[in-house]
Structure formats: structure tokens, C-alpha cells
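This report examines selected local features of a protein model. Please keep the sequence and the structure in view while reading.

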Amino acid sequence: MSAARITVGTADLDHPLDLTSPRLSVEKPAVRYDTQGDRTDSDRLAAAMAAFSQDFGRDAATWLESCIHCGNCAEACHFYLTTRDPKYTPIWKLEPFKRAYKREAGPFAWLYKAMGAKSKVSVAELEEWQALIYDACTLCGRCTMVCPMGIDIASLVGLARHGMSQAGLVPHELWAVSERAAREGSPLGATPKVLKERLAWLADENEVDMHVDLPQAEVLVTFSSIEIMKYPQSLVATARVMNHAGYTWTISSAGYEATNFGMLAGNAEWQKRMTMKMIDAAIACQAKIVVLPECGHAYSAMRWQGANMLGRPLPFKVLHVSEFLAENIASGRIAVTTVGRSVAFHDPCQVSRRGGATQAPRDVLKALGVELRETRDSGDLNFCCGGGGGVIANHRADEIRYKAFVIKMAQMDATGADEMVTSCSNCRQSFDDGQSHFRWDRKMGSLLELVADHLAGPEGIGATARQVATAP
Amino acid sequence: MDSLTLLAFARGPMLVIAIAVFVLGILWRLFHLLWRPSKPDLSEPRSTAVVRGALGAIVTRMWHHKTFRERTLAGTLNAYAYHIGLAIVFFGFVPHIAFIERLTGLSWPAVPGWLFATAVAAVFVGLVYALMVRLTSPVLRLLSDFDDYASWVITILPMITGMAVLSLALDSPYPAQPLYPAPLAIHLLSVELLLIWLPFGKLSHAFLVFISRGATGAAFARKGASL
Amino acid sequence: MDFDKDLDARGLNCPLPILRAKKALGEMTTGQVLRIVATDPGSVKDFEAFSKQTGNALLEHSAAGKEFTFFFKKK
């Protein structure tokens, strides 16, 4: 199997982006490079095992030892439910990692080794499991909600990806976009230059004040490259909301990209690099609040992992934009008009179920006076759009992703709501892609844009000539 | 070896060994888990009520969310049936209480005969049903390994060997001299096998369940997320 | 053929016509007839299977140009 493997060296970085299809990623590769670096199998394995045993701390070890093989997690997973293929049972996606832990670091590792009771995990197995822990897991954590032992399977998959990344076993597209992010500052070509050009164009086109690189600001605003490249109106909406609320705010060309494909790929170094850019930018402008964009995993990366990357508590408050909206609407700093339509809300898994901010978008929708129509499974038990965890970037996962999306379409349709909104641009592009694939006659919208379109008072629309305010 | 010697062995040295392995095995696993590194989480907690979160998860995870009911109800009810059944059989049967009293001095009232008989039935039916599901469900067949089947056998063995000793009326007092020393010795040895196996295999979920649920409950509470 | 409810599933791809039909039938009463117009060629096979699975009788189906019409009687 190793003979046929094609590896990509660091010199080969030519993975052109596809920025025209409903889902942004690198172009569908003619030849896949799902292994990185020119290394021997034993070297890969040693790297993977070292990362696994380092990562499997107290909680992870507890979870790896606790599975009773009841199979309930399958019943929570959109990939299993829509394929009925047992290999998509969430805990099975961790099988080699469970075995590696038990053999290398578990309580009876010495016994297993002495008896030869558990066989060593092979690179071939890790390659096989790559398709399960990267293609068939969106890290949505719905399985955690059903496990009678309370095992947090999504956390374990995230940790397993670290070992895979160390071993150079990341799927082609996910590696390519995260490498690009580490190199250029954005996975999708939204370099500082592109960002500034876009902001200038958007400010002019929409007559809205944009602030870039102000030396000092209360609020540092960040974006997802999906917004920058695909949903530029979200940038405009962000600016309108900030201006309306009357904050001194800025975008930093040194730290604007909130997506973190390094985290999704399992590359801790790249994850830290992306996070530190924003943290440094926030510290530089003495921001009191960092507002994260409509992006699910960006919330996990900064809100819950940012301080751990810095090595000390963050010297600023971190808010997802839906939390920022909810707080400012509650305090009266943002005033909104009534929407008067029915809305179905799609919860981004990383913000709601795994982020704890389930209530914020609901408070915002309530303030907008919409009739909120919840799906059968909503809030913390919401079904994932199928595109989280880097899955949407991966062409190899398209088939199962579309299958999983059927659950979402059916539940959304069943609400009969006039429109759909979410607060994650990655979910949104996943819906766009599903919409195009199934020729679905519904379109996913943005909570932030809905608010920006319904701001009360003159700040709602650009009243005077606006321009990009750029620091000298 | 005659049957009385075997019984003496099962009641004496073997019991001591079994209990020692049981206790030391569990302690070793707990120690091993606590000894694993645990990095402090520096993120700003949404809630500091992590202990409540941990205890809450231990309690709430005793029942499934409504949305999963359709798919997990049968398995959950069955698991309750044989777990409660096992507890009643082990702690509520007259000879078992007498056995424990002789070892520890502790004693409590026995359950009525009809309840004991119901519990025995629940354990047998429940365990057989669980095995059937394990053998027929594609998901469970894929997940299952030696540990699952060995644990099943080791759990049902004391039930089977116990039936062979059931020669008295269920409510009758515990006899001073066992009527059938050999079957009783075998019954005891099968229980000792269970004690020895428990810390090593999946039966360790008996204590891991609290730690695992608690860890997730605490982590989720910290994030302000519900489980 | 007379019908009580009309469902326009033109332009939608599998399995959306089925999902919509299921929802529409759910809102109807026994004996009522649902007409569905779809354009996905796969819908013919899908609706036959749907009828077998759900017990809602597929009274008639026809094709005209690129459009497929189905009549379902609610179980």
C-alpha cells in the first residue's frame, strides 16, 4: 500500500483555490495527496503515537477507558443515520486510537505488551481511519448527548486528529487550506491586501464607515474568510452594527482571520499561529472585546482555546457576534425594528451545543419580533449541517455530506418557516452547496445580516458619505 | 480434593485473593487516571459551578433525551432491568445477606421471595436479550470484542451456578451447613471470577461511569453548555 | 383526475419531492388526493418506492415532456 502512496513535499504548494462554486475550497484535486512529507511508516507511526500519548490527558483517558460498546452513539450521528453503515458509529471512528491508548498508555499497557494481547496500530490502519475521523466527523458532538457513559467523543476525535497531523496523514484539501492559512494568513486567499481592497470597495459601495488598523479601539472585529470571499455583505453588516452601537472599533490587517483550519486539521502549531495573530492584534489596539464572526469553530478556537494558546487568561472579553448582538440589544445600545416573518434557526454546533451560547441568537430573534419556529431537534440537540470540522472543504466527503444534509433539509422544511437564518458562515455555505445540489428552493440567511437590515434609526443605512478610515 | 475442601478454599484463600484483586485493581485504575496529566484550562469560564455540572451529568445521564427515545428506549429499559435485577439478587437474597454478614457483620432485611424470583428472571431475560442484540445489530457486531463477550459470560455464570444451589424455599433461613458443598463452591468461585475480572474489562464501567460523566459534565458546565 | 391538494416539486432534486410529498400528505385527511408535479427523472422510481413503504396509494402517474405528474391517495 505504501508503494502506491503519493506524498506531497513542502515544495509542492500548488493547490489552486476554487472560489466560484457554492462551497469554497481548493479545486477538486485530480490526484489526491492524503499523506504529507516523505517519511517512513515507522517514523509516521512513532510521531502519531508520541502525539497520542501526550494528548491523552486525564479526561481523554477516562473517556477512552469508559466505552461499554452499547452503540447508542450511532443513533445520534447524521452520517450513520443517513447511510446505516456501521463504520460511521462515532466511537468506532476512534478504534485504533482507543487501541493505541490501551496498548501504549493505558492502566494495563505493561500487561498487554507482556502478553502481546493488543496488536500495534499500523500506518495502513491510520490511513483507513483518516476517512472516518476527517471525512465522516464534523466534530458536532451530537453523539456526546446520547452516550450513557457521557463520553465526549467529539473531543477525542479532535485529539486523534493531532496524532494524524503529526504523522502527516491529513486529507489533501484540509491540509492544503490549513497550510495556506499558516503561510498567507487565510485559508481562502483572503490576504491582508485582498481584505483591504474588499473593505475599501464595500465601504464605498454601501456607504458605510469601516475602520482598519486604528491604533486603539474598544472592539476588535474579526471575520471568517468565507465571509470575506463569499458573503461580503456580512462585513458591511458588522460595520453597520458597530457604528450603530457607537463603539470605537477596528479591523486589524494583522489579525482578522478567525477561521482556524490548523485546529481542524489537527496541527497545533498552525492553530496557535492563527490564534496568536488575533490575540496580538487585540492586545496591540488595547481592545476590551474581541468579536468573533459568524463562524462556529472560530468560537471554539478563540473563546475556549485562545487563552490556552496564549498561556494565560486573555486580557479581553471574547464574544461570538450573536452574543455581542444579544448583549447590546438587551442593554439598549442596539435598537432593532420588527421583522414580522417566521424564521427557523439553524444552530451552529460549536456555538450552541459545544459553545454554550445557545440562547443568544434566540434572544436576538425575539427582539426582532420574529416567530421562531424550532426544528424537531434544535438548540443543543440540533443536527449538524454536515459541513463542520473541515468536512466541507474535503471533496472526498461530498457524497456522505449530501446524504447527511437531507436530515437538515427535511427538518427545516417541516418548520414551514418563511426564512432560515444561522450564525455561522460555514454552515451557510454548506446550506448553499446543499441547495445547489438538491435544487432546494430555500436559502440560508445570516442572523447578523438580518439584524443589520433592521437597525432602528438613521444609523441603519449610510446617511453620509462614508470611507475607510485607515490609520496613517 | 473433596467438596468440603473445595468449599473451604472458595470461602477462604480464594475469596481473599478475589477481593484483593478487585480492590487493588480498581484503586490502580483510579490512580492511573488521576495520575495522567491534566492541563489547566485558562479560558474564562461562563460558569464556575463545575461540581454541580459533574453531579448533574451523573444524574441526568441516567435517562436519554426525548429525541433519542425511539432508538434507545428498548436498550435502556433492558439495561435497567438486568442492573436492578442483579442488585436485588446480590443484595436482597437471604443466603447472600448471611454471607455478607459473616464477612462484615453488616446485615439488612431480605427481599420477598416473589421479588427475588422476578429479579432472577429479569437478569436472565435481560442478559440474553442484550446478547441477542449484540449478535444481530451490525453496529454492535462491529464494536464488540473479546471483552464484551467475556464480560457477558462472567456476569451470567454466577447466575447459572447460583441456580444450581437454589434447593431451598426462597424465604427459608440460611442453613448452618450447606446441603450441597460442591455446587456452592462452584457458585462462589464464579462470583470470585467476576470480582477478579471486573477491574480489567468493561465491567469497570461500574465505577468509571461516574468519572466519565462527571468529567464531561464539569467541562460542559464550565462552558455554560447543557448536556 | 380530481385532487384536493397540489404540490409543485418542479426543479427540486431527489429526495426533496419525496420529503415535500410526505409533509403534504401529513397535513391531509384519509382518502384525499394529492397531485405532485416533479421534474427529477428519478422521482418516478422514488414515488413508487414511497408508495410501497408508506401505504399511500399511487393512483396514477404520467409523463409529459420533462414533467412527471403523480396522484397519491392518502392512507
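A residue is called buried when its relative accessible area is under 20%, exposed when over 50%, and partly exposed in between, using a 1.4 Å probe and protein chains only. By this definition S322(A), at 1% relative accessibility, is buried.

## Basis of the report

The model is predicted: local features need pLDDT of at least 70, side-chain atom pairs count only at pLDDT 80 or more, and totals for chains, interfaces and linings use all residues. Residues are numbered from 1 along each chain as its sequence is written, chains are lettered from A and ligands numbered from 1 in the order in which they are written, and side-chain values use heavy atoms, with hydrogens and water left out.

## Serine 322 and its helix

S322(A) belongs to helix 16 (residues 321-331) of chain A. Helices (H or I, at least four residues) and strands (E, at least two) are DSSP runs, numbered from the N terminus. Leaving aside residues up to four places away in sequence, S322(A) touches V351(A), A360(A), P361(A), V364(A), S423(A) and L447(A); contact means heavy atoms within 4.5 Å.

## Two helices in contact

Two packed helices are described by the angle and the distance between their axes. The axes of helix 16 and helix 17 (residues 359-367) of chain A come within 8 Å and cross at roughly 50°. Helix 16 of chain A is therefore oblique to helix 17 of chain A. Axes are lines fitted to C-alpha atoms, for helices over the stretch in contact, with angles running from 0 to 180 degrees between N-to-C directions. Angles under 35 degrees count as roughly parallel, over 145 as roughly antiparallel, 65 to 115 as roughly perpendicular, and the rest as oblique.

In this contact, S322(A), E323(A), L325(A), A326(A) and I329(A) of helix 16 meet A360(A), P361(A), D363(A), V364(A) and A367(A) of helix 17.

## Cysteines without disulfides

Over all chains, the structure holds zero disulfides, a disulfide being a pair of cysteine sulfur atoms within 2.5 Å. The closest cysteine sulfur to that of C77(A) is in C143(A), at 6.8 Å, which is too far for a bond. For C349(A), the closest cysteine sulfur is in C384(A), at 4.1 Å, again too far for a bond. C77(A) is buried, with a relative accessible area of 8%, and C349(A) is buried at 9%.

## Backbone exceptions

Most residues other than glycine have a negative phi, and most peptide bonds are trans. L139(A) has a positive phi, near 60°, and lies in the loop between helix 6 (123-135) and helix 7 (153-166) of chain A. C14(C) and P15(C) are joined by a cis peptide bond, with omega about 5°.
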